[in-house]
Amino acid sequence: MSAPPVPPQRAAIALGSNLGDSLAILEGALSSLDRVPGMRLLARSSWYRSAPVGPIQPDYLNGCVLLEVTLSPKAVLTALHETELRFGRVRLERWGARSLDLDLILYGSLQLETPNLHVPHPRFRERAFVLLPLAEIAPGWIDPLTGKTVSDLASAVAGQNALQRLEAEP
């Protein structure tokens, strides 16, 4: 017996890559996520180059997407982890280099804290490499913990890191 369907929700996903052909990996991940039953791509941000957090490693390419999902938050997280594995993700060290990193940032107005999943993502408010791309596609989304919009949160961290927005391909 399968789980009952979940009413459609918007989910914000942050993407990052700094190993291999990051641009191709990120574009492939977008296509892969859009093909997951119960997920539909609604919007995508520009890609941004950013300095890594953690150990010395190459710069990242980061971006965000909005998905319409009819999956539970746990099922979304499972789909994200399966997609990471498909693109060669190996978890060796915290904040280490990776071919693909997918994080569930927001899921509707849900607040959830389990041993394996926190929604909203606990550190997204501190990260320009998440907030600036997210503000491109969901500026008015309200953080259910602070009551602030994504745009307001992005403004608060805009000068934090030197992010370079990549120009769109012609």
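These are my notebook entries on a few spots I looked up in this structure, which is a predicted model.

**Entry 1: strand E1**

I started with E1, residues 9-17. Seven of its nine residues are buried, so I noted E1 as largely enclosed by the rest of the structure. Next I looked up its partners. E1 runs antiparallel to E4, and nine bridges join the two. E1 also runs antiparallel to E5, this time with six bridges. I picked one pair from each side to have something to click on. Arg10 stands opposite Glu68 in E4, and Ile13 has Leu104 as its bridge partner in E5.

**Entry 2: the nonpolar cores**

Ile13 and Leu104 turned up again when I went through the cores. Both are among the residues with the most contacts inside the largest nonpolar core, together with Leu15, Met39 and Val76. That core has 26 residues. At least two residues each come from E1, H1, E4 (60-69), H2 (73-86) and E5. H1 gives the most, with five residues. A separate core of 22 residues lies apart from this one, and it includes Phe124, Ala128, Ala138 and Val150.

I then checked the surroundings of Met39. Beyond its neighbours within four places in sequence, Met39 is in contact with Leu33, Asp34, Leu67, Glu68, Val69, Leu71, Val76 and Ala79.

**Entry 3: Asn18**

What does the side chain of Asn18 reach? I first placed the residue: Asn18 sits in the loop between E1 and helix H1 (22-34). Its relative accessibility is 5%, and because buried means under 20%, Asn18 counts as buried. Its side chain makes a polar contact with the side chain of Gln57 at 2.9 Å. The side chain of Asn18 also reaches the backbone oxygen of Pro58, again at 2.9 Å. Leaving aside neighbours within four places in sequence, I listed its contacts as Gln57, Pro58, Asp59, Tyr60, Ala97 and Arg98.

**Entry 4: helix H4**

Last, I looked at H4, residues 150-157, where Val150, Leu153, Ala154 and Val157 are buried. Why do they lie on the same side of H4? They cover an arc of only 100 degrees around the axis, so they share one side. The buried residues of H4 pack against strand E5 (101-107) and helix H3 (128-137). On the face turned away from that buried side I found the exposed residues Ser155 and Ala156.

Terms used:
Residues numbered from 1 in each chain as written. Predicted model: local features only at pLDDT ≥ 70, side-chain atom pairs only at ≥ 80, totals over all residues. Heavy atoms only, no water. Helix = DSSP H or I, 4+ residues; strand = E, 2+ residues; numbered from the N terminus. Buried < 20%, exposed > 50% of the residue type's maximum accessible area, 1.4 Å probe, protein only. Polar contact = N/O pair within 3.5 Å; in protein donor to acceptor, adjacent residues only side chain to side chain. Contact = heavy atoms within 4.5 Å. Arc of directions from axis to C-beta. Core = buried A, V, L, I, M, F, W, Y, C linked by side-chain atoms within 4.5 Å. Pairing = 2+ DSSP bridges.
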